[in-house]
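Open the model in a viewer and keep the selection tool at hand.

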Amino acid sequence: MPLSEFTFGLGILDAIATSPGYRVVTNNFVYFLGGAWYTIFITALSIAMGMVLGLFAGLAKLSKNKIIYGLSTAYIDFFRGTPLFVQIFLLYFGVLPLIYDNDPLSSAIIALGLNSGAYIAEILRAGIQAIDKGQMEAARSLGMNERQAMIYVILPQAFKVVIPPLINEFIALLKDSSLVSAITVAELMHRGDLVFANTYQATWVFGTIAMMYLVITKTIALLGDYTERRLATE
Amino acid sequence: MRNFVKLMLASLLVFVLAFALIGCGGQTDNSEQPDVATDVKKLLVGTNATFPPFEMQEDSELTGFDMDLIRAIGEVQGYEVEIQHMDFKALVPSVQNGKIDAAIAGMSITPERLESVDFTEAYFDAGLIIAVHKDNQDIQGTDDLKGKKLAAQNGTIGAAYCDEVKNADAATETRIFDDIGLAFMELEKGGVDAVVNDHPVTAYYLKTATDTSIKMVGDIFSAEDQYGIAVKKGNAELLNTLNEGLIKIKENGTYDEIYSKWF
């Protein structure tokens with residue numbers, strides 16, 4: 001490339017605009033954006049499922065009932081202790097076909113939901129245990145039973161404590177959702193994979209996708225900061 | 001004071017980890033350096049060992065038609081062939097940026113690929129075939145694929161064909177997997193109606209799979225589809241060497257031997 005290309009900023013821009021990788025990205029940008037929406041959609045549903053599962057499993061982990069405790073421990077151990085990638089294949093090709101005629105999308109949400117549920121359970125358990133014992137005792141002395149004390153006194157306080165680790169988990173889950181591209185869910189990573197396989201423009205394609213992931217994860221982090229500030233009492 | 005101690009410990013940990021990583025990096029670099037002392041030229045070949053009978057892994061060895069072929073070519077041309085497994089879609093970029101010298105992976109010579117790499121003379125005539133579930137009576141040939149659920153392997157001409165069908169009829173659903181074994185599994189479990197793939201590979205799968213509920217339908221299509229060995233664009237020296245080797249093993253009967261071993 002002649003030096004003159006570098007002496008004027010516009011020369012570089014021209015070089016970029018005419019490079020094949022740039023054209024690949026502009027031609028597929030809307031397609032990638034669609035993938036990003038799909039990624040957000042999948043992650044949101046998985047988080048919803050994970051929160052419900054996590055709340056039950058987290059409370060079960062605090063239970064004095066040995067069976068309930070054992071079940072939730074087994075669930076958490078399995079989904080935290082094995083790779084998500086393995087879980088996705090196991091569920092998609094192994095377990096879920098026995099239960100229903102499974103499609104990639106629902107299987108992906110189930111896999112991600114089960115996985116995040118295990119992490120969220122541990123986060124919530126830690127959050128509940130972080131609340132001073134006196135809170136429970138005070139609530140009980142006011143005539144609440146244990147269930148009421150948990151729902152009206154402990155959980156609201158615990159929720160505040162667990163926001164930062166929860167945001168962390170949401171961000172991790174959003175990134176991990178790229179793994180479901182292996183079972184052909186047309187989310188962001190899968191779309192990048194398909195375009196890359198036909199164009200071989202690794203830097204441009206995966207660079208663009210990385211930026212899209214970054215924008216989403218940064219947005220989640222900012223939302224987390226905002227919520228934290230709103231709920232701050234001191 | 002306690003914070004200071006913590007900070008020191010944390011920094012120490014970071015340093016130790018960093019050095020550990022540098023140490024690892026150094027080791028792999030050394031092992032990858034070519035041994036300049038020997039006269040034997042090394043040929044680093046990439047493949048995707050999920051495509052039997054062309055390339056697969058058996059007892060932790062890479063075997064298959066392509067593997068035998070490239071080793072035979074290496075032998076007659078005086079190369080020590082080293083084969084590396086990677087994603088199919090990563091093969092062309094790896095040839096392009098010189099991570100591997102050549103790629104042999106049941107790779108069809110297509111105009112699109114020719115823009116990025118050079119190919120040797122064709123060494124195999126493949127062609128596509130449709131595979132469906134045994135009970136499926138709807139799909140008899142390529143005309144029946146419209147509006148159906150199709151599976152294929154990412155980066156293959158089978159996947160490109162599925163895309164064409166989808167472009168012609170938006171009701172078509174495509175599921176593009178990273179390797180063809182997963183596409184067959186998807187068909188076995190009834191997730192898709194058909195798999196579009198290279199005929200020899202599908203035929204081999206049906207021959208070797210136990211308990212399969214898949215059958216092939218229709219004729220082989222896209223019959224001009226031929227496999228070649230990819231090398232970096234402009235690497236005429238290697239291209240000639242490989243073409244020469246291909247001719248030699250065809251003349252001395254090695255090619256036929258390998259062919260009858262696998263087909």
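A residue counts as buried if 20 or more other C-beta atoms lie within 10 Å of its own, with C-beta atoms placed from the backbone. The model is a predicted one.

**Chain B as a whole.** Select chain B and colour it by burial: of its 263 residues, 41% count as buried. A cartoon view of chain B shows nine helices and 15 strands. For contacts in chain B between residues at least 6 apart in sequence, 73% join residues at least 24 apart.

**The two domains of chain B.** Where they touch, domain 1 of chain B supplies eleven residues and domain 2 of chain B supplies twelve. On the domain 1 side, the elements of chain B that give two or more residues are β2 and α3 (88-96). By class, that side has five nonpolar, four polar and two charged residues.

**Helix α7 of chain B.** Select residues 199-208 of chain B, which form helix α7. Which of its residues are buried? They are H199(B), P200(B), V201(B), T202(B), Y204(B) and Y205(B). Now show what covers them: the cover includes β2 (50-51), β9 (128-133), α6 (180-188), β12 (194-198) and β13 (214-221) of chain B.

**Between the chains.** Bring chain A into view: 13 of its residues are in contact with 15 residues of chain B. On the chain B side, α3 and β11 (173-177) are the elements that give two or more residues. The largest share of that side, four residues, comes from α3(B). The chain B side divides into five nonpolar, five polar and five charged residues.

**A helix pair in chain A.** Finally, select residues 146-176 of chain A, helix α8, and residues 202-231 of chain A, helix α10. How do α8(A) and α10(A) pack? Their axes lie 10 Å apart, at an angle of about 170°. Because angles over 145 degrees count as roughly antiparallel, α8(A) is roughly antiparallel to α10(A). To see the contact, show side chains including I163(A), I167(A), F170(A) and L174(A) from α8(A), and Y213(A), I216(A), I220(A) and L231(A) among those from α10(A). Charged residues also take part, among them K160(A) and K175(A) in α8(A) and E228(A) in α10(A).

Conventions
Residues numbered from 1 in each chain as written. Chains lettered and ligands numbered in written order. Predicted model: local features only at pLDDT ≥ 70, side-chain atom pairs only at ≥ 80, totals over all residues. Axes fitted to C-alpha atoms, helices over the stretch in contact; angles between N-to-C directions. Parallel < 35°, antiparallel > 145°, perpendicular 65-115°, else oblique. Contact = placed C-beta atoms within 7 Å. Buried ≥ 20, exposed ≤ 12 C-beta atoms within 10 Å, placed from the backbone.
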